[in-house]
Amino acid sequence: MSVWKNEKFWLVMAGAVGSAIAKKILKAPKTRECAVKGLAQGMKFTADAKAAFQDMKDEAADICNDAKKEAEAK
Amino acid sequence: MKFKIVYDQPGRIRFRAGAYAFEKMHEPRIHMACVSEPYVQKAVVHSENGGILLEYENGCREQVIDFVRNLDIASLPESEPDTEYQLQALDSDFKNKLAFMIARRYLAKLFFPAPIRTVHLIYRGLKFVAKGLNCLGEGKLSVEVLDGAAIGASILQRNYESAGTIMFLLNVSSLLEDYTKARTRTALTASLAVKVDNVWVVRDGVDVQVRMQDVQVGDLVRVRSGSMIPVDGTVAEGDAFVNEATMTGESQAVHKTVGKSVFAGTVVDEGSIVVSVRAVSGNTKIQKIIELIDRSEDLKASIQSRAERLADGIVPFSFLGFGLTLLFTRNITKAVSILMVDYSCAIKLSTPISVISALREAADRNMTVKGGKYLEEFALADTIVFDKTGTLTKAEPKLERVIPFGDRSEEEVLRTAACIEEHFPHSMARAIVRGAAERGIDHEEEHADVKYIVAHGIATTLDGERAVIGSKHFVVEDEKIAVGEAEQKKIDELAGAASVIYLAIGGNLAGVLCISDPPRDEAAEAIRMLRERGIKHVAMITGDSQKAAERIAQLLGIDTFFAQVLPEDKHRYVEKMKAEGRRVIMVGDGINDAPALAAANVSVAMSDASDIARETADVTLRSEDLRDLAELRALSTQLMERIQANYRFIVAFNTSLLAAGFFGILAPSTSALLHNLSTMAICAKSMTPLKQA
């Protein structure tokens with residue numbers, strides 16, 4: 001049987017070509033740029049989430065403080 | 001700084017500068033800058049949202065706003081975070097971590113598909129299993145092995161929900177433990193910080209008293225017997241025996257000669273040295289003390305050590321229970337239920353948390369306890385022994401009268417006495433110095449180097465003549481100074497029940513100083529309260545006269561008193577009581593009390609005690625109120641009751657869970673949930689303040 005008709009041969013070849021392309025993509029500056037942007041966005045998201053959470057905690061603390069003052073005044 | 005005011009009420013204002021206004025590392029210096037302003041009462045700083053909350057004196061709103069507007073973070077000096085900031089940071093960190101843990105557990109289900117969650121769970125579970133295997137490899141059948149086995153078994157059974165619950169609860173317990181310990185450490189560090197206000201600096205051969213904060217690197221600081229070395233440095237002159245127990249845990253004093261290093265916080269037992277300053281004291285030394293408290297097995301409460309041993313000792317039985325259940329029921333689910341429940345982690349976690357919380361509570365109430373062991377001893381003691389002077393009596397004994405002899409005047413005797421005594425931190429010495437100041441008598445340094453003969457008195461040379469001052473025993477018996485019959489009669493008549501300090505110059509009695517020493521206002525009540533809280537025997541030891549001791553004992557309702565006790569014999573009385581089977585608390589303040597303090601089961605130094613007494617004592621009171629002793633007794637007793645109650649609850653609750661698991665009433669995941677929830681609940685309860693009786 002001709003090697004060209006062997007299914008396994010084509011699978012191996014496809015795998016090799018796929019690996020080579022994947023390696024190229026991974027090493028491409030564009031990929032790196034996307035990864036850095038993604039990470040930065042992740043970090044920004046975390047920082048924003050932390051800020052939003054802290055805002056909420058602060059506001060809750062202020063509300064509690066007002067309630068306490070009101071109760072003391074009565 | 002640019003900001004928005006997001007909250008504004010009289011006395012409280014909140015600024016918000018946004019998420020990237022400053023970094024986490026800038027928080028301490030901003031906090032320090034804020035609290036350094038005289039009108040700011042409290043500051044809370046958060047880098048997450050650039051928030052600054054300030055509580056201020058009413059009427060200072062504009063100043064506060066101006067201050068924040070002009071805040072230039074780059075120009076602020078670096079500063080060590082203060083205790084308030086550290087505690088705030090710990091609280092905030094704990095809350096954030098807890099919120100993150102809870103969010104991760106419950107939100108992960110929304111964002112990630114089940115297979116990814118399973119892989120992540122197995123990865124985390126393997127860490128617990130590896131930890132358990134490590135312990136097993138070291139030959140220890142500990143709680144970690146049990147945790148690893150329970151998690152491993154759940155994963156093998158594909159019961160991922162159970163495994164996840166166990167890991168989540170274990171992590172929360174561990175976070176809670178770390179938080180409590182860190183908070184207690186911080187509170188203890190603040191309470192143990194070196195508190196030396198003034199030091200003697202040698203300038204051009206003369207000793208000058210300067211404030212501690214004015215001491216510079218390279219200065220020469222003189223430290224005498226009984227005083228704490230306030231700086232790190234090198235001995236430049238003299239030699240002394242230095243007690244370095246706070247640094248090394250070694251109670252034997254070390255001989256320090258010229259060129260040797262000495263460290264802040266250690267105490268000169270005997271001798272006098274001049275230290276060339278290498279560094280002024282920071283928190284490094286204190287950190288070492290805390291580590292000593294934390295790590296030293298000797299300082300752990302024996303109930304704590306017993307609990308830890310018991311916790312590990314129970315682990316094999318849990319495995320035995322697992323094996324037997326599997327054998328009898330042939331049901332792996334029921335057998336795993338046994339592994340899910342154990343007594344050990346609850347006991348092992350709740351006991352140290354209870355002890356540490358009680359230590360922190362004591363620190364918050366101005367009592368520094370140097371280890372759980374001493375709280376336990378304080379709860380178990382049945383006898384309390386007080387030193388009289390400066391402990392039971394007022395912290396400020398008063399100079400009543402000066403009786404001069406020979407051709408000397410009252411003023412001359414008092415001036416000389418004050419000049420010699422001013423170097424030593426004892427309440428009697430302070431009474432003489434204060435007495436001279438009240439009478440407007442100035443005294444200059446006219447004497448040569450003074451030598452402190454521990455607990456007896458002081459000797460020096462004055463105009464070429466030997467001058468000694470101290471107790472009758474020291475001046476008359478040791479120094480062989482003659483007291484004539486007429487002189488003795490005069491002393492007896494005029495001194496009454498007052499304590500008498502003898503001054504001799506050039507081999508002759510120059511005069512005596514009568515010091516009245518009334519009991520503290522709250523002393524009688526403190527003794528009554530101690531009796532109510534289980535102290536059966538109250539004793540007093542004093543070097544003072546029989547007459548003075550009897551009067552105080554009668555006034556305060558003291559069972560036994562020992563008068564005219566030589567300082568070196570004080571500890572013998574304590575040892576005798578211990579030999580009679582009593583558990584003794586010794587309360588003292590002077591250098592002479594140090595051996596007795598060391599001999600007692602647990603010792604307490606008063607707030608104005610000499611440095612060496614404070615170093616030797618297991619407990620230091622920072623207020624001058626003797627009722628704090630009764631409060632400490634209540635606190636320690638309640639701690640013991642709490643530990644026992646926790647123990648009873650843990651055994652009863654977990655036994656019920658084991659039985660329910662054995663009979664198949666509860667599924668392993670429910671057992672794990674209930675077990676871990678109960679552990680967390682008991683830990684959280686152990687952190688709550690102990691109620692005062």
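How many salt bridges does the rule find across the interface of chain B and chain A? The rule finds six. The views below come from a predicted model.

**View 1. The interface of chain B and chain A.** About 1,200 Å² is buried between chain B and chain A. Carbon and sulfur atoms carry 43% of that area. Chain B puts 14 residues into the contact, and chain A puts in 15 residues. Across this interface, 10 residue pairs are in polar contact. Three elements of chain B each give two or more residues to the side that touches chain A: β1 (4-9), β2 (12-16) and α3 (83-111). Of these, α3(B) gives the most, with four residues. By type, the residues on the chain B side divide into four nonpolar, five polar and five charged.

**View 2. A salt bridge between D58(A) and R16(B).** The side chains of these two residues meet at 3.8 Å, N to O. R16(B) also has a place in a strand pairing: in β2(B), R16(B) is the bridge partner of K4(B).

**View 3. The four-stranded sheet of chain B.** The strands of this open sheet follow the order β1-β2-β4-β3, with antiparallel pairing. At the edges stand β1 and β3 (40-46), and each pairs on one side only. On average, neighbouring strands are turned by 10° against each other, direction ignored. Strands β1(B) and β2(B) run antiparallel and are joined by five bridges.

**View 4. Two helices on the four-stranded sheet.** One helix comes from chain A: α2 (residues 29-73) packs on the sheet and touches β1, β2 and β3 of chain B. The direction of α2 of chain A makes about 170° with that of β2(B).

**View 5. The seven-stranded sheet of chain B.** This open sheet has mixed pairing and runs in the order β12-β24-β23-β22-β13-β20-β21. Strands β12 (367-369) and β21 (560-562) each have a single partner strand, so one side of each is left without a neighbour in the sheet. Neighbouring strands are turned by 20° against each other on average, direction ignored.

View 6. In chain B, β23 (residues 602-605) and β24 (residues 619-621) pair in the parallel sense over two bridges. V604(B) has V619(B) in β24(B) as its bridge partner. Helix α19 (residues 546-556) of chain B packs on the sheet, touching β20 (537-541) and β21 of chain B. Its direction makes about 160° with that of β21(B).

Key: Residues numbered from 1 in each chain as written. Chains lettered and ligands numbered in written order. Predicted model: local features only at pLDDT ≥ 70, side-chain atom pairs only at ≥ 80, totals over all residues. Heavy atoms only, no water. Pairing = 2+ DSSP bridges. Axes fitted to C-alpha atoms, helices over the stretch in contact; angles between N-to-C directions. Contact = heavy atoms within 4.5 Å. Buried area = accessible area lost by both parts, 1.4 Å probe. Salt bridge = Lys/Arg side-chain N within 4 Å of Asp/Glu carboxyl O. Polar contact = N/O pair within 3.5 Å; in protein donor to acceptor, adjacent residues only side chain to side chain. Nonpolar A, V, L, I, M, F, W, Y, C, P; charged D, E, K, R; others polar.
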